[in-house]
Amino acid sequence: MRLEPKPSPTMVETLAYPAGAVLVTVLFASLLVLAAGASPFSVIYLVAKGAAGSQFALVETLTRATPLIFTGLAVAVAFRAKLWNIGAEAQLYIGAVMTIVLGTGALPLPAPILIPLIMIAAMAAGALLLLGPAALKVRFGVDEVVTTLLLNFIVLLFVSLLLEGPLKDPMGLGWPQTKKVIAEAQLPRLIQGKRLHFGFVIALAAAAATWVIMKKTVFGYEMRAVGHNPEAARFAGMPVNRILMKTALLSGGLAALAGFSEVAGLKGNLTLDLSPGYGYTGIVVAMLALLNPLGVVIAAIFVAGIFVGADAMSRAAGVPSYIADVMVATALLTMVVAVMLTRFRVRWR
Amino acid sequence: MMEAFDILLTASFWVAAIRIASPLIFATMGELICERAGVLNLGIEGIMVAGAFAGWVTVYAGGDLWFGVLVAALAGAAFGLLHATLTVPLGLSQHVVGIGITLLATSLTYFTYRIVLPEVTSPPKIEAFQPLPIPVLSDIPVVGPALFAQTPLTYLAFVVVALTAWILYRTPLGLAVRAAGENPAAVEAQGISVAVIRIGAVMAGSALMAIGGAFLTMSAFNSFFFEMINGRGWICIALVVFGSWRPGKALLGAILFAAFDAYQIRLQQLTGGAIPYQIFLMMPYVLSILALILVARRATYPKALMIPYQKGER
C-alpha cells in the first residue's frame, strides 16, 4: 500500500470525505445505541431535538460552545505551529483562578475597566503557564506533550489546594468553592433570564482576531511556516524558537479566556468541576475545524450540540450520555482519516 | 527527622513501593516497545482505563482471574491495532491519533460501564489476586516481603521486563523492532515489512498497557472507579524517556518513582496535615517533569520515532 499526494483535491472530495467521517461516526454510535437496547433513529432524533429543537436547546448549545471556542482556538493556534499543547485544561483553570483573585472584590473598579483588566490578567496567567513547557521544549528538547499533560494534573491539584485554603468561601458551608465574583466583574447575559452570556460574543471576537493573526500577519505566516517545516523555516532565517514561544503565549492566553468566561459569565464562582474536560475537547474541536479559527466556531457549536443533545436524550431514552464522548472521539479519528484521504491517494499493489 | 528516615527501613514501605510500581512497569514496557519500533503511543492513558475495566468486568461476570488478564490484554491489543492502522500504513499524526485513542478508549469504557451497571452508585467488588509468598525467599528481611510476597501479577511484571529485554536485544525479532525505530529502510532492505513490525509492536505494547491498567482493578484494588488511572499513563511516557528506552533502566525508574510515591503517602501521615495534602499528591507529576528535564540533554530518541515510513521512500 502506498500514499501518493494528490495535486489538487476536487470540491466534491473536500466535502465528501468529511461527510463520510460524520457518517461513520453516526453509524458507530448507532451500533452502541443498539447495544444499549434503544432505537438509533429515535436516539438521533432526540439528540438533534435536545441540541437545536427549541429556543432553550439552542441557547444551551451556544452556552456550552463558548468555552469550547476558546479552547479550540488555543489548540488550533498551537497545533498550526506543531506546538502540541495538550494542556488547555490547566490553562483554563489558571484563567479561572485569576478571574476569582481579581474579581471577588480585590479591585473596586467599574465594570468597563475591571472586566478588560481581568481578561488581560487571565490571559497572562494562561500564557505564562504554557510558556514553561514551550521553554523546556526549545531550551532542553523536553517533549511538550508530556509536560502539558502532567501540568493538567498539577494545576487541578493546585486549584483544589486554593479551594480548600486561601480562596475558600467562608460562607460556603465547608464546600470547596470560592466566593462569587462581584457584580462589576460579571459578564452580562445576552438574553434576559437565559444562560447565554457575553462570553459568547468575546469568543466570536477572539475567533475573528485569531483568524486575522493567522492569515493576515507576518507572525501568522511564521507560525504556519514553523509548523509546516521547522528546518526550512530556520534555514529561511526565521527565529523558530521565538516564534514557538510567541505561539505558546497566544495559545495559553486563549485557553485561559475559557476559564474567565465560564466564571465571569456563567458560574460566578470557581469549583473543581468548572470544566468537564473542555481543554481536551478543544483538541477535537480544533481538528474538526481543520485548525481554521473560523471553523473552530462551527465545530465548537457542533460538538456542544452533541453534548447538550446527548444529555437530553439520555434522560429520555436511557442511553448513557457518555455516548457523546464516544461520538466526539470517533469524529476526531474519522476526520483525520478523511483529511488524509482528500490530500493523498491510496494505491494498493 | 529520624522518623522520616526510618520509613525507608520498614518492609511495608517496600511492599507498597513494589505494588505501586507494578502497573507502571507493565505500561512502561508497553510504551517502550511501541517507541522502540518508532511509534509514540499516546493512547496509553485510555488503553489503561479500558484494560482496568475489561479485566475487572470479566471477573465480575464470573470469569477466572487469569482469563480477565487475557481479556484486558486483548482489549488493549484491539485499541493498539486501531492506533497502528491509523499511524503506520496511513501515516497520520501520532500525537492526534494517540489523544484520539485515549479519548475513545476512555469514553467507550465509561459508556460500557454504564450499560453493564446502570444503577449502581458504588461499584461491586471482585475476588482479586491474593499475595502468593514464595517459600524461603519471602522470609528474607525487608527484601523478602517486598519482592517475594506479592501477587502473581507483580511477578508477571518482572517476567515481562526480562522477556522484553531478552527479545529486544537477543532475538532477530527484537533487532527488527529496534531497527524499525532507528532505520526502517534497513529493515525493509532485509525483506522484512516495517509496517508489520510496527503494527505488531504497537499491538503487543498496548496489550501490556492494558494489563497495567488491569493490575489496578484486579490486584492493587478489587473494584473499578472512574478516573482511577489518573495520569499514570502519561507518567509512564516520562518513565520511558527517563529510562532512555532501555527495559532495565525503565524498570529502575518505575521502582524509584513508586518508592517516592509510597514515601510521600507516609510522609503525609507523618506531617499530620501541616502541609496541604495536594502538595504531596502533586509530587509524582512534578517529579516526572523534573526527570524529563534531567535526562533531556542526553536523551537519545529512537531516530525514526514519530516518522511514518513508506516503502521505497528514503
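Predicted model: local features only at pLDDT ≥ 70, side-chain atom pairs only at ≥ 80, totals over all residues.
Residues are numbered from 1 along each chain as its sequence is written, while chains are lettered from A and ligands numbered from 1 in the order in which they are written. Local features need pLDDT of at least 70, side-chain atom pairs count only at pLDDT 80 or more, and totals for chains, interfaces and linings use all residues; side-chain values use heavy atoms, leaving out hydrogens and water.

Me: Why is B:T102 called buried?
Reply: Buried means under 20% relative accessible area, exposed over 50%, and partly exposed in between (1.4 Å probe, protein chains only). B:T102 has a relative accessible area of 9%, and is therefore buried.

Me: Which residues is B:T102 in contact with, leaving aside its neighbours within four places in sequence?
Reply: Contact means heavy atoms within 4.5 Å. With those neighbours left aside, B:T102 is in contact with B:L42, B:G43, B:I44, B:E45, B:G46 and B:W234.

Me: How many residues does the contact take from chain B and from chain A?
Reply: Chain B contributes 46 residues and chain A contributes 47 residues.

Me: What is the area buried between chain B and chain A?
Reply: Buried area is the accessible area (1.4 Å probe) that two parts lose on being put together, summed over both. For chain B and chain A this is about 4,100 Å², with carbon and sulfur atoms giving 81%. In chain B, the residues losing the most area to chain A are B:V96, B:F111 and B:W234, together 15% of what that side buries.

Me: How many salt bridges does the rule find across the interface of chain B and chain A?
Reply: A salt bridge requires a side-chain nitrogen of Lys or Arg within 4 Å of a carboxyl oxygen of Asp or Glu. By that rule, the interface of chain B and chain A has zero salt bridges.
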